[in-house]
Amino acid sequence: MVSVEHHSTALEDEDERTTMEKVKTLMHFPPYGTMGDGTSGDTCPTCRGTGRIPRGQQDQLVAVIPCNDVRLKPRRTKLYVCISIGVCTLICFLIVFFLFPRSVTLMIVSMMEVRVYFTNKTVELNVTNLINIDNQNYVPVHIVELNIQGLYGDTVLGNTLIKNVADIKPRSQKLCNVSVDLTVKDEGLNTLCRSSSAVHNIFVNLHMAMNVSYLSHTEVVSLDTYQYFDCGRNSTSPRPVR
């Protein structure tokens with residue numbers, strides 16, 4: 001009887017100690033469904049008041065945290081927004097800088113040669129000029145066509161159309177030889193060109209119109225210049241045009 005009573009007393013003491021430990025544990029955690037200490041509520045059915053998640057249920061449970069928790073506040077948001085704005089602004093500036101249309105210029109460097117051919121009623125001239133095309137863009141430029149017209153006063157002496165002249169690389173220049181055929185039909189000019197005098201110079205206005213294509217658009221670059229040459233004989237000596 002003594003051993004039985006002693007065993008039952010030991011079990012009661014163990015149960016009492018377990019109950020006291022649970023009470024102490026519950027005192028450290030607010031009841032389930034409360035927002036602060038001292039508010040009555042139910043015990044959390046998940047941890048049963050122990051404050052610990054049972055093993056094997058980590059992937060099945062969802063944590064609920066208050067809205068003012070620091071983990072919900074974004075960090076360095078202003079810094080990231082400023083960096084994004086700066087990068088976008090830099091990209092836009094670079095795009096505008098490199099794709100902004102710049103000038104394409106046309107200039108006659110020198111008159112290379114003049115070939116003279118006499119017919120029964122006219123004087124045929126073939127004038128070759130060295131031109132310089134300057135591309136200031138950061139993209140290649142295609143010269144679609146070049147129209148050259150020769151005028152003596154109000155009289156049109158000739159008109160020459162040259163297609164697909166050249167392709168100019170970005171930020172570069174290119175020299176090209178272009179020729180225009182002129183026909184002198186005026187009787188007074190015919191007489192001057194056929195005379196035996198040593199001077200047969202005539203002044204001709206050369207009007208050049210160049211169609212340029214780049215960045216999906218086409219523009220016209222024009223140039224007017226005056227040249228004088230001897231219409232009575234051939235000239236193969238290059239002469240700068242000023």
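On one side of helix α3, Glu187 and Thr191 are exposed, where exposed means over 50% relative accessible area, buried means under 20%, and partly exposed lies in between, with a 1.4 Å probe and protein chains only. Helices here are DSSP runs of H or I with at least four residues, strands are runs of E with at least two, and both are numbered from the N terminus.

Before I go on: this is a predicted model, so local features need pLDDT of at least 70 and side-chain atom pairs count only at pLDDT 80 or more, while totals for chains, interfaces and linings use all residues. Residues are numbered from 1 along each chain as its sequence is written, and side-chain values use heavy atoms, with hydrogens and water left out.

Back to α3, which covers residues 187-194 and has Leu189, Asn190 and Cys193 buried. Seen down the axis, these buried residues fall within an arc of 105°, so they line one face of the helix; the arc is that of the directions from the helix axis to the C-beta atoms. And what covers them? The cover includes β1, β2, β3, β5 and β6, with contact meaning heavy atoms within 4.5 Å. At the N-terminal end, Asp186 caps α3, with a side-chain oxygen 3.0 Å from the backbone nitrogen of Gly188.

Now, the largest nonpolar core. This core has 37 residues, and Leu106, Leu125, Ile131, Met210 and Phe229 have the most contacts inside it. By nonpolar core I mean a set of buried Ala, Val, Leu, Ile, Met, Phe, Trp, Tyr and Cys residues joined through side-chain atoms within 4.5 Å. Strand β6 gives the most to this core, with seven residues.

Let's stay with β6 for a moment. Residues 201-214 form this strand, and 14 bridges join it to β7, the two running antiparallel. Leu206, for example, has Thr225 in β7 as its bridge partner. Both strands belong to an open sheet of four, in the order β4-β3-β6-β7, with antiparallel pairing; strands count as paired if DSSP finds at least two bridges between them. The edge strands are β4 and β7, each pairing on one side only.

Terms used
A polar contact is a pair of N or O atoms within 3.5 Å; within protein, one must be able to donate a hydrogen and the other to accept it, and residues adjacent in sequence count only if both atoms are side-chain atoms.
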